[in-house]
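Hi,

Here is the structure I promised to pass on. Have a look at it first, and my notes follow below.

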Amino acid sequence: MSATWSERYAASLMNTFGPPKLVLTRGEGAHVWDENGKEYVDLLGGIAVNALGHGHPALVEAVSDQLSTLGHVSNFFASQPQIELAEKLLALVGEPGKVFFSNSGTEANEAAFKLTRRTGRTHVVVAENSFHGRTMGALALTSKEAYRAPFEPLPGNVTFVPYGDSEALAAAVTDETAAVLLEPLQGEAGVNVPPDGYLARAREITSEHGALLWLDEIQTGIARTGAWFAHTESGVTPDVITLAKGLGGGIPIGATIALGAAGDLLEPGNHGTTFGGNPVATAAALAVLHVIEQDDLLARASSLGNRLRDGMAADPRVTDVRGRGLLIGLDLSADASAEVTAAALEQGFIINNPTPNRIRLAPPLVLGDADVEAFLAAWPAILDRAGVEPPS
Ligand SMILES: *Cc1c(COP(=O)(O)O)cnc(C)c1O
């Protein structure tokens, strides 16, 4: 008997993620297929990455055209898609500023973290239950003890405050604070939504102390919540915005956007990258932004998200439902999110269990109405199968 793909994975890849749930071989739109030909509706979208789903023709064409025209240049040279993407992102933010491109979320945050050091201050205030990435700098800004502990000492002078608590934030920020870093909604924590006015208050507090307001929109940005950026509806203008996940629609890219004077903090020699701003990755992102605009996927994210939230919350075993647009988190009446995720997979739906009692969905923005209805129809049976009981 020859080894299975799963056995070959276990024998050849570092065990950083635990055993993979499936070996996937193909995708189209919001659907993927495994090595046995079984089809799934993808309600996780590569964790908020596959904004246009799988194999979107506009993305495939943009990447293929760019790769056959000019695939890579060093950062001694510029390329047109890189410039166009920087201009487009600044236009979407609606403020003048400067962009640094990288290849991932954690790199976008590393660049921003270094930028904050150029204020001459080192203190950063971050929220508990935040997730900002796995490289040493981003990890220093991530509160989860299990992620941090094996790697201490990490860069210091970081204060963690409860998320959503403006008073705790006001108490933590001083005239020595370089930046406050917040997710507009906390993604990896299972989708936490702060109280109204939280970001506005964070803006006031940072401005009072001359600190930067840095918003990590790596998961929430690029139409995920039904707006280009999750902070848009707060009316707040941050100093720094970090992006990644959905921006490239599956092609790796990160972006650090610094607005106003913050855009000039990093100077020649302060930071760099070989691949960041690569023509293929930036062409991919331009295609993603174009399709979102052309197909009005902002509105679609909002309406599909509302339908999914209402539909799932109709079951009494769902005790809380949160999120905006197609970033959805819900609480179960029992610590059974692993069982629910497994039951969903059996029924042909990919969902995610970020904590023992929380489920997260972050599907492609091109998810079909029929996919939504099929999932909602299957939802009670998925909870049955996982043995979840209504609250007593
Ligand atoms: C995923 C994520 C990151 C890290 O991005 P990577 O591409 O995995 O390095 C950082 N911040 C937030 C909010 C994220 O969701």
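A word on pockets first: on a 1 Å grid over the protein atoms alone, a pocket is an open set of points with protein on both sides within 12 Å along at least five of seven lines, and its lining residues have an atom within 4 Å of a point. A cavity, on that grid, is a set of points where a 1.4 Å probe fits but cannot get out. Points are joined across faces, edges and corners, and a volume is the space filled by probe spheres set on them.

Two bits of housekeeping. This is a predicted model, so local features need pLDDT of at least 70 and side-chain atom pairs count only at pLDDT 80 or more, while totals for chains, interfaces and linings use all residues. Residues are numbered from 1 along each chain as its sequence is written, and side-chain values use heavy atoms, with hydrogens and water left out.

On to the second largest pocket, which holds about 560 Å³ of space. Its lining runs to 22 residues, and Lys 98, Val 99, Phe 100, Phe 101 and Leu 266 are the ones nearest its centre. Strand β4 (97–102) gives the largest share, four residues, and both β4 and β10 (254–259) supply at least two each. Helices (H or I, at least four residues) and strands (E, at least two) are DSSP runs, numbered from the N terminus. By class the lining has 10 nonpolar, nine polar and three charged residues; Ala, Val, Leu, Ile, Met, Phe, Trp, Tyr, Cys and Pro count as nonpolar, Asp, Glu, Lys and Arg as charged, and the others, Gly among them, as polar.

Now the ligand. Its shell (residues with a heavy atom within 4 Å of it) includes Ser 104, Thr 106, Asn 109, Phe 131, His 132, Glu 183 and Asp 216.

- Lys 245, through a side-chain N or O atom, at 2.6 Å
- Gln 219, through a polar side-chain atom, at 2.7 Å
- Gly 105, through a backbone N or O atom, at 2.8 Å

On its own the ligand has 380 Å² of accessible area, and the protein covers 82% of that (Shrake-Rupley method, 1.4 Å probe).

The largest has about 40 Å³, and its lining, which includes Val 73, Phe 77, Gln 82, Thr 274 and Pro 279, has four nonpolar, eight polar and no charged residues.

Lastly, two backbone details to look at. Most residues other than glycine have a negative phi, and most peptide bonds are trans. Ile 47, in helix α2 (residues 45–48), has a positive phi of about 60°. The Glu 152 to Pro 153 peptide bond is cis, with omega near 5°, and Pro 153 sits in the loop between α7 (145–148) and β6 (158–161).

Cheers

Technical notes
Polar contact = N/O pair within 3.5 Å; in protein donor to acceptor, adjacent residues only side chain to side chain.
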